[in-house]
Amino acid sequence: MHPKEIIAAFQKSGADITLDAGEVTVHNASKVSELTIEFARENKKRIINYLNGGYSDKKHAILSTNDQLIDFFLNKSVNNPGLIDLFLRNNPDCVDLIIKRMQRLKNNGWNYEECPANYEDEETDQLAEELFNRAMVDRKKKGA
């Protein structure tokens, strides 16, 4: 979910997320479910980047595509699993890139049950962009 959508969900409930001295602050947190707060917590780094103006729609497309690839690897529910499977079968070197990205996230403290957002760094972002670009080239080849 895009950070602006997370913030909008808070606002719809009568709460707000702001940046205070580089940290996320939630105002009226009691108006938001614990599940929503936990979701925001797992996406804290992306929310901070968004509030600082460093999270574009393109960045979201890159990271959400990579979230889907990781979820596919972890046998979690994903959009268009058949397309992901076909992409990986046609681009086996991308499997190595996904594994490399997952290993880097793991080295940064990520565990498989949580969103990887708070464990991303420059290297994982570079791998994510490379995977996204490869997926878009593959998609264009197929005329999608």
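1. Let me start with R41, whose side chain forms a salt bridge with that of E34, at 3.6 Å from N to O. Please keep in mind that this is a predicted model. E34 is exposed, at 53% relative accessible area, while R41 counts as partly exposed at 44%.

2. R41 also meets the side chain of E38 in a salt bridge, here with an N to O distance of 2.9 Å. Both R41 and E38 belong to helix 2 (residues 34–42), where they sit 3 residues apart, about one turn of the helix. E38 has a relative accessible area of 31%, so it is classed as partly exposed.

3. Do have a look at R46 and D67 as well: their closest N and O atoms are 2.8 Å apart, in another salt bridge. This pair links distant parts of the chain, with R46 in helix 3 (residues 44–51) and D67 in helix 4 (residues 57–73), 21 residues apart. Are R46 and D67 buried or exposed? Both are buried. Salt bridges with shared partners join R46 and D67 with R101 and E120 in one network.

4. For the overall tally, the whole structure contains 12 salt bridges.

5. Finally, the cysteines. How many disulfides does the structure hold? The count is 0. C94 is buried because its relative accessibility is 0%, and C115 is buried too, at 16% relative accessible area, given that the cut-off for buried is under 20%.

Key: Residues numbered from 1 in each chain as written. Predicted model: local features only at pLDDT ≥ 70, side-chain atom pairs only at ≥ 80, totals over all residues. Heavy atoms only, no water. Disulfide = S-S within 2.5 Å. Buried < 20%, exposed > 50% of the residue type's maximum accessible area, 1.4 Å probe, protein only. Salt bridge = Lys/Arg side-chain N within 4 Å of Asp/Glu carboxyl O. Helix = DSSP H or I, 4+ residues; strand = E, 2+ residues; numbered from the N terminus.
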